[in-house]
Amino acid sequence: MSGERGAEPVLRTVALRKTYRSRSGPVEALHGISVEVRTGELFGILGPNGAGKSTTIGILTTLVRPSGGSASVAGIDVVRDPVRVRARIGVVSQAGNLDRELNVLENLVFRGRYFGLTASAARRRAAELLERGGLAHRSRAMVTELSGGQARRVAIARALMHRPEVLFLDEPTAGVDPQTRISLWQTVREYQRDGLTVLLTTHHLAEAEQLCDRVAIIDHGRVLACDTVSALTTRTGGDTVLTVRYDGPAQDLTLPELPPGVRKTEVDGDRIRVFAAHTDGLLGGLITAGAARGLGVRDVTTVTPSLESAYLALTGKEYAG
Ligand SMILES: Nc1ncnc2c1ncn2[C@@H]1O[C@H](COP(=O)(O)OP(=O)(O)O)[C@@H](O)[C@H]1O
Ligand SMILES: [Mg+2]
C-alpha cells in the first residue's frame, strides 16, 4: 500500500455526469459529482435510494461509463485506463455475487488466480484473509450455507485477494440485522487500520455517522455537502431540531414569541420545525398555537445535533433513507 494520509487524493471525481438511456427516455443519474478521497480514509457516500450512489461507485470501478466529467483512481483515469484501475481496487457490489457453485476458500482462490497469483500464493492469501475475517472455520462451507453477515465478509475478503489499495463497498450492510451491521463495521475498520482506503455507500445515516471519517451527502445526483460528521453538524448550525406534527396544515399558525436561542423556524405542510440551541420550554407554546387554530398535535420529535439535524438543515426535509 502506497501513499500517505492527507497526500494527493487517491480517488477523485470532477463534475461527474451520467445519463442512462432507458426505454422511457434518458435518466439523469448524476448532475456533476465532485469528490476527493484521501489515502487511508474511510469515506462514505450517503444518500436516499436513487440518489446516484451505485452509479458513482460504478464509474469509479470502471463498470459504468460516465457521460461527462472525469474520475480517477491513484491518478489513473478510469475511462482511459480501466485495466490498471482494476488492478488497484477491490469491489463488493450491492448484490455481493459470490460464486454459489464454489465453497468459500475456492471463491477466494479463484479470484487470486484470476489476478495472477500462483496457486500456493492464492491459498496462503485466502487463508490469511479468512483468518482475519473470523471465517477460517467456514472455509469449506458452500456459499449457500453462510449467514448474511458471513457472506458479506467473504465477499470483502475475496475483493482483497490481490491486495488492492482501495476497497469499494456498495451498501455493505443493507438488509442485515443491527448486530451483524456493527460487526461488519468492525471488520471494515480493521482493514482501514491496516492502511486500506475504503469508499462505501450507505442509505443509513447512522452508518455514515458512526463509521466514516468523512461523508458526502448526495441526492438527485448532486453533492449537497461533504465533510467530517462533526464539521457538517457544526456548519449547519449545530442546532437541536424540534418538529411538531399537527393533524392539519400548519401554515396559518400564529407562533408564540420564541425564546432566545431559536435560530429559525420552518413550516412544512402539517409540521413546524424549530432549529434552536436548546428546545426547553418550546413545546408548550407550539401546542397552544395549534389549539388556537383547532389543531391537535400528532407527534413531536427532537433531533439533537447530528448528521440527521445537518441533513434536515441542508434539505429542509426529514431523511427518508
Ligand atoms: N441501468 C440503468 N438504466 C436506467 N436508469 C438507471 C440505471 N441504473 C440506475 N438508474 C437510475 O439512476 C438513478 C440513480 O441510481 P443509482 O445510482 O442506482 O442510485 P442509488 O445507488 O443511490 O440508489 C436512479 O434514478 C435510477 O433509477
Ligand atoms: Mg445503489
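Residues 24 or more positions apart account for 69% of the contacts in the chain that have a separation of 6 or more, a contact being two residues whose C-beta atoms, placed from the backbone, lie within 7 Å. The model is predicted: local features need pLDDT of at least 70, side-chain atom pairs count only at pLDDT 80 or more, and totals for chains, interfaces and linings use all residues. Residues are numbered from 1 along each chain as its sequence is written, while chains are lettered from A and ligands numbered from 1 in the order in which they are written.

**The whole chain.** Display the C-alpha atoms, which fill a box of roughly 80 × 45 × 45 Å along the principal axes. The chain holds ten helices and 14 strands; these are DSSP runs (helices H or I, at least four residues; strands E, at least two), numbered from the N terminus. Of the 321 residues, 40% are buried, that is, with 20 or more other C-beta atoms, placed from the backbone, within 10 Å of their own.

**The domains.** Next, colour residues 9-228 as domain 1 and residues 239-304 as domain 2; the bounds come from an automatic or database domain assignment. The centres of domain 1 and domain 2, taken over C-alpha atoms, are 41 Å apart.

**The nonpolar core.** Select Val 73, Leu 167, Phe 168 and Val 198, which touch the most other members of the largest nonpolar core, a set of 82 residues. Such a core consists of buried Ala, Val, Leu, Ile, Met, Phe, Trp, Tyr and Cys residues joined through C-beta atoms within 7 Å. This core lies between domain 1 and domain 2, because both give residues to it. Centre the view on Val 73: beyond its neighbours within four places in sequence, its contacts include Val 10, Leu 60, Arg 88 and Val 166.

**Helix α4.** Move to residues 119-132, the helix that contains Ala 126. Ala 126 is buried, with 25 other C-beta atoms within 10 Å. Leaving aside neighbours within four places in sequence, Ala 126 contacts Leu 105, Leu 108, Val 109, Gly 112 and Met 161. The C-alpha atoms of Ala 126 and Val 109 are separated by 6.3 Å, although the two residues are 17 apart along the chain.

**Ligand 1.** Finally, select ligand 1 and the residues around it, including Tyr 20, Val 27, Asn 49, Lys 53 and Thr 55; a residue counts as near if its C-beta atom, placed from the backbone, lies within 6 Å. Strands β1 (9-22) and β2 (25-38) and helix α1 (53-60) each give two or more residues to this shell, and α1 supplies the largest share, three residues.

Definitions and conventions. Buried ≥ 20, exposed ≤ 12 C-beta atoms within 10 Å, placed from the backbone.
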